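I opened the model to look up a handful of local features and kept notes as I went. The entries follow in the order I made them.

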Amino acid sequence: MKTNAQAVVIGGGVIGCSILYHLTKSGWSDVVLLERDELTSGSTWHAAANIHGLHDSTNISRIQHYTMTLYKELEAETGQSCGVFQPGSLYLAQTEEREHQLRLQAAKAKLYGMNFYEISIEEAQRLNPLVNYDGIRCVMYEPDGGNVDPSGVTNAYAVGARQRGAEIHRFTPVTATDQQEDGTWIVRTPKGDIQTPWVVNAAGLWGREVAMLAGIELPLQPTEHQYFVTETMADVAAHDTRLPSVSDRDGEYYLRQEGQGLLVGAYEKDMKFWAEDGTPLDFAHDLFPDDLERIEENMMNAIERVPAVGDAGIKRVINGPMIWSPDANVLMGPVPEVDGYFCCNGIIPGFSQSGGMGLMAAQWIIEGETQYDMFAWDVARFDTWATKDFTKARVQDQYAHRFAIHFPNEERSAGRPARTRPIYDWQKDMGAVFGLNVGWEHPLWFAEAPGATDTNGFTRQNWWEPVGAECRMLRDRAGIIDISNFAKYVCKGPGAEGWLNAVFANSMPRSVGRSCLTPLISKRGGIAGDFTVTRVADDEFWIIGSGMAERYHKRFFKQVPLPDGTRFESRTEETCGFNVAGPKSREILQRLTNTSLSPEDFPFMRSQQIEIAGIAVLALRVSFTGDLGWEAHCAAKDQLRLYEALIETGKEFGAGPVGSRALMSLRIEKGYGSWGREYSPEYWPHEVGLDRLCKFDKSFLNKDAANSAMTSPAREQLVLLHLDEADTAASNADATGGEPIFMDGRGIGRVTSGAYGYSVGMSLALGYVSGAEAGDRVEVMVLGRPHRATILKEPPFDPTGTILRG
C-alpha cells in the first residue's frame, strides 16, 4: 500500500468510487480509496437506484442530468456494465400545486435542453397501461428516466479509477486521521499509514464516525427505509418493452419495473430512526426485519393508482438504512475550520447524483471551486447550532415529507426554535411569524394577532396582503427591521487596513466614519460575497456580510494570513441590529439621540458611535430597503431595550415592525441584489454591476481571476423585469426565483429573485439574461406558463438615489 497520496478517499460506496474516478479523470492518478469491508457495503448495495434528471434546484438538475448521461459513457470506457435501464419516467400531478411544480420543471428543462415534457393522458396510457389515470391533472414524461444496477455502477467507477492509476483497498478500515503541523494528514489503517494533503470522507453510514476521528461533528442521522419487489406479474410480463417508472409523489410512493414484476417503495409518516448513538462497525450487507405495516397507507395509494399491484405476491422486502442531513441534501465540501478535510456525506438520491457529485468534488479539491454554485450542498450551511436533537427533528420531517412539494418561501417548523435573540418572545407577542436563518428565528412578517402561521403554495398566500401593508408603511412613514442575523465582524490592529485590502476587491475607507461596499472574489473570478466595511477607528474596522454565508466565508478569510498584532473576529452572536428606514426614520431616531442626524452632519455611507435611547450603538447611514435609513448595531444584552424604544417612538409617526418578506420586496423595487440569489461565484463582477467596486491598482484575493473574467465579454447581465399586471393577476402569482425567461421562443435566462413591489404597484423580478436589453419584451415562466414582462432601464423606486441620500 502507498505511504503517500494526493488524496485518500474513505468509503467504497457509489459516492466514494465516483469521487475517486473523477479525481483521476481530472488528472490526479496518485489517489487511494480505503473501504472497511467490500465495495457497496452499507447503503449502496440495497438502493433502489432510480435515476431522474429534474430537481427544483437548477444546479442540482444540471448535476443529475450529467449523471444520467454519464453511465453509458462509463460502460463504454470501462467495459463494466452499469445495468442501465431507461424506459422513461411518468410524473403524475393529482393536485393543482403539483401541476404548477411539474410545469415549472418542464419550462426549466426546455431552457437547459433537458428531455422532460408534457404528454397526453392517452399517450401515458399507451406507455404504461397498468396505471389508473383517473383524477390526474397532467402527466410529464422523462424519456431518459429509469434505474441502474447499484453494484454495476459502483464497480464501473472503481474500474475507471484503477485504469487511471488509483489504488483501491478493500477490508481496510481507517482507525485514525491525524493532522500534522504542516496541514497534511496521516490516515492510519491496520495495513499501514498514508500521508496525504486531502482526506475525503465519503463513508456513507459511517460518515459521523469517520468525521469524529478528526474531531468533526456532522449533523447526520440514519433511518430505516423499505421497498418491496413483487413476484412475476402477467400484466408486466406481457409487454415486449420495459414499462416506464411512475412518479406519483402526491401518492407518496415510487414504482418501477423490476424483472417481470414491480418495485414499490415509500417514505412513510411513521418513520423509524436507526443507529442514533452511532452506526455499528460490524454492519455491512445487512438488512432489518420486514415491517410492511408501517408503509401500508403508501401501499394502498400505489394499489389504487396501479391496481395490478394489489393482486401480486411479494417476492422480497428490502428494509435497509439510509443516512440523512437535516435538509436531505448532501453535506459536501472542505470543512471550513480544518485544512484538507473534504466531506461528502448524507446522500439520498445517490444514483441520480453520483456522477455530478464526483465531478463537483474533484473540481473543488483540485481547482479550489466548483463550476456551479453549490451552496445548497455546502457543509458550511450548518454549524454547531445544528444539534443532535435539531438534526433528528428535521430528518424525521424530511423523511415523512420526502415527496411533499417544497414551496417557495416555505418554512417548516421541525426542530425549532434552535436559536433565538432576546426579543424573540416580544416579537412573538407582536404577531411575528418566524422563519429560520442559520438557526436563528427571525420575523418574516407580522400578523394582527399572535399565533398566525404561513399558508404555502406557488400562488399568493395569506401573508401577501400583510407584507404589502408593511411595505407601504415603510415607504410612506417608516419601518423597523430586525437585521441581527447579518454576519458581523471586527478587524483590529496595526495591520487591519492592509489585511482587509488584501482580502476584498475594493479599497478600504481611509478615514474614520466612512464606509464602502466591496465584493469578495471567488477562485474563478465570481462573486463569493458582498460586504459593507466601515472604519470605526484608526486601526479598527466593522464588517457586515451575509449571515447564511458566515461559515462559508471562513474559507476565504483564512487564505490571507493575518499580520502580527491584528485580529479578525466574528461578532454575530453578541451583536444585534435594526434598520430604521423610511421618510420618517430621521425624525424617529432624532427623538432618541442627541447626535445630529441632519444630512450635513450624518451623510449617506457614514457611521458614528452614538447613543440611541441611552444605548451605545454603531449607527450606519445605509439601508437595504433603498430608502432613507440607518442601521443601529448594539450589544445583544441591549437589544430588547433598544427595540422597545424604537417601536414605542415609531408609533407616534405611524411606524412599526417590518419583516424580511417586506425587505425582499423593497430591495427588489430598488434593484438591489442579494448574496445567494443574484450574487454567487457563478457570476462575474461586470455581469452583476459590481465591477466598479473592484480596484485593480492594488492586490486582493483572486485578483488575477477577477481580471481575467472582466476582460471577457459578459455572458449574461443582471436585469430588473416588470411582469405584466394582467398575467400576474390572472394567475394570482409572482415570480419567486428559478423561473426561465424566454424571448421569441428562445431561452435567454432565468429569474433569481421575485416579489410584488407594493409601493410601486408592479410585479417585479431580478434575473440574468443574454441577448436582451432594457425595453425588450420577454416571457417569464411563472407557474411554468408564460407571463409577459419588460426589461426595465432603471429601478421603479428612487432610480436616481435622491431619497436614499436625502
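Predicted model: local features only at pLDDT ≥ 70, side-chain atom pairs only at ≥ 80, totals over all residues.

Entry 1, Arg-805. I listed the contacts of Arg-805, with contact taken as heavy atoms within 4.5 Å. Setting aside neighbours within four places in sequence, I found Phe-604, Arg-621 and Thr-800 in contact with Arg-805. Arg-805 sits in the segment after β38 (785-791). I noted that the C-alpha atoms of Arg-805 and Phe-604 are 5.4 Å apart, while the two residues are 201 apart in sequence. For element names I used DSSP runs, numbered from the N terminus: helices are H or I with at least four residues, strands are E with at least two.

Residues are numbered from 1 along each chain as its sequence is written, and side-chain values use heavy atoms, with hydrogens and water left out.

Met-605 has a positive phi, near 65°. Met-605 lies in the loop between α15 (585-590) and β29 (607-612), and I read 15% relative accessibility for Met-605, which counts as buried. My cut-offs were under 20% relative accessible area for buried, over 50% for exposed and partly exposed in between, with a 1.4 Å probe and protein chains only. Leu-783 also has a positive phi, about 60°, without being a glycine. I placed Leu-783 in the loop between β37 (777-782) and β38; at 11% relative accessibility, Leu-783 counts as buried. The peptide bond from Arg-416 to Pro-417 is cis, with omega near 0°. Pro-417 is in the loop between α10 (388-400) and α11 (424-429).

I counted ring pairs of Phe, Tyr and Trp (its six-membered ring) with centres within 6.5 Å; planes under 30 degrees apart are stacked, over 60 edge-to-face and the rest tilted. The structure holds 40 aromatic pairs. For Phe-504 and Phe-531 the centres are 5.0 Å apart and the planes are at 50°, so I logged the pair as tilted. Phe-504 is in the loop between α13 (496-503) and β24 (515-521) and Phe-531 is in strand β25 (residues 527-537), so this pair ties together parts 27 residues apart in sequence. Phe-504 is buried, at a relative accessible area of 0%, and Phe-531 is buried at 2%.

I then took Phe-624 and Tyr-672, whose ring centres are 6.0 Å apart with planes at 10°, so that pair is stacked. Phe-624 belongs to the loop between β30 (615-620) and β31 (629-635) and Tyr-672 to the loop between α17 (660-669) and α18 (685-688), so parts 48 residues apart in sequence are tied together. Phe-624 is partly exposed at 27% relative accessibility, and Tyr-672 is partly exposed at 23%.

Which residues do ring pairs link into a cluster? I wrote down Tyr-489, Trp-499, Phe-504, Phe-531, Phe-557 and Phe-568.

I found Ser-674 in the loop between α17 and α18. Its relative accessibility is 18%, which counts as buried. Beyond neighbours within four places in sequence, Ser-674 is in contact with Phe-624, Arg-667 and Tyr-679.

The test was NZ of Lys or CZ of Arg within 6 Å of the ring centre and within 35 degrees of the ring normal. Arg-36 lies over the face of Trp-206, 4.5 Å from the ring centre. Lys-110 has its charged end over the ring of Phe-742, at 4.9 Å from the centre.

I looked at α1 (residues 14-25) against α9 (residues 350-367): the two helices pack at about 45°, with axes 8 Å apart. That makes α1 oblique to α9. Residues in this contact include Ile-15 and Ile-19 of α1 and Phe-351 and Leu-359 of α9. Axes here are lines fitted to C-alpha atoms, for helices over the stretch in contact, with angles from 0 to 180 degrees between N-to-C directions. Angles under 35 degrees count as roughly parallel, over 145 as roughly antiparallel, 65 to 115 as roughly perpendicular and the rest as oblique.

Against α2 (residues 58-78), α1 packs at about 75° with axes 14 Å apart. That makes α1 roughly perpendicular to α2. I listed Tyr-21, His-22 and Lys-25 of α1 in contact with Tyr-66, Leu-70, Leu-74 and Glu-77 of α2.
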